[in-house]
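The tour begins with the whole chain and then moves to selected parts.

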Amino acid sequence: MKILQMSEEHIEDVHLVEAASFREPWSKQAFTNEINNPLALYLVGINEDELIAYMGMWVIGDEAHITNIAVKPSYRGLGYGKELLLRAIDETSDRGCISMTLEVRASNEPAISLYRKQGFEVAGRRKNYYSHPKEDALIMWKR
């Protein structure tokens, strides 16, 4: 998989991955806003000219906050999410970050497992953070 910084040309395909991954997907405009946000860093994964994954984060001072990560359903479980996450860890480390955080649905065992394997630990819980359906979020940190 080739990993690139997300640009305007990727928005349509990123939105397709987003819509296939989340019950309440972000709009195309939200992604346009993010790539124009100086605090945001968004990466896309391309496999044989097909955008199959993306992830985004905000870099604020020495911390990075992962906003979202998604892989096309037909490519899940093949290591592409891990590859993006490892690249993000490298990119943010190069920018001086010493910690990363994220929220994840408490029931999303595949994602929680991925994050734990990369050194993230559960540090808290946000009650009813998600809607449709209502669910708690686990707050995870990697320091």
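Begin with the whole chain and its contacts, where contact means heavy atoms within 4.5 Å. Among contacts between residues at least 6 apart in sequence, 57% join residues at least 24 apart. The model is a predicted one, in which local features need pLDDT of at least 70 and side-chain atom pairs count only at pLDDT 80 or more, while totals for chains, interfaces and linings use all residues. Residues are numbered from 1 along each chain as its sequence is written, and side-chain values use heavy atoms, with hydrogens and water left out.

Next, display the chain as a cartoon. It contains 4 helices and 7 strands; helices (H or I, at least four residues) and strands (E, at least two) are DSSP runs, numbered from the N terminus. Following the sequence, the pattern is β-α-α-β-β-β-α-β-α-β-β.

Along the principal axes, the C-alpha atoms fill a box of roughly 40 × 35 × 30 Å. The radius of gyration, taken over C-alpha atoms, is compared with a globule rule of 2.2 Å times the number of residues to the power 0.38. For 143 residues, a compact globule would have a value near 15 Å, and the chain, with 14 Å, agrees.

Now consider burial: buried means under 20% relative accessible area, exposed over 50%, and partly exposed in between (1.4 Å probe, protein chains only). Of the 143 residues in the chain, 44% are buried.

Select helix α4, residues 109-117. Which of its residues are buried? They are A111, I112, L114 and Y115. Seen down the axis of α4, these buried residues fall within an arc of 160 degrees, so they line one face of the helix; the arc is that of the directions from the helix axis to the C-beta atoms. On the other side of α4, select E109, P110 and K117, which are exposed.

Then move to G119, which follows α4 and has a positive phi, near 95 degrees.

Finally, select N47, which lies in strand β2 (residues 40-47). Is N47 buried or exposed? N47 counts as buried because its relative accessibility is 18%. Leaving aside neighbours within four places in sequence, N47 is in contact with I52, Y75 and Y80.
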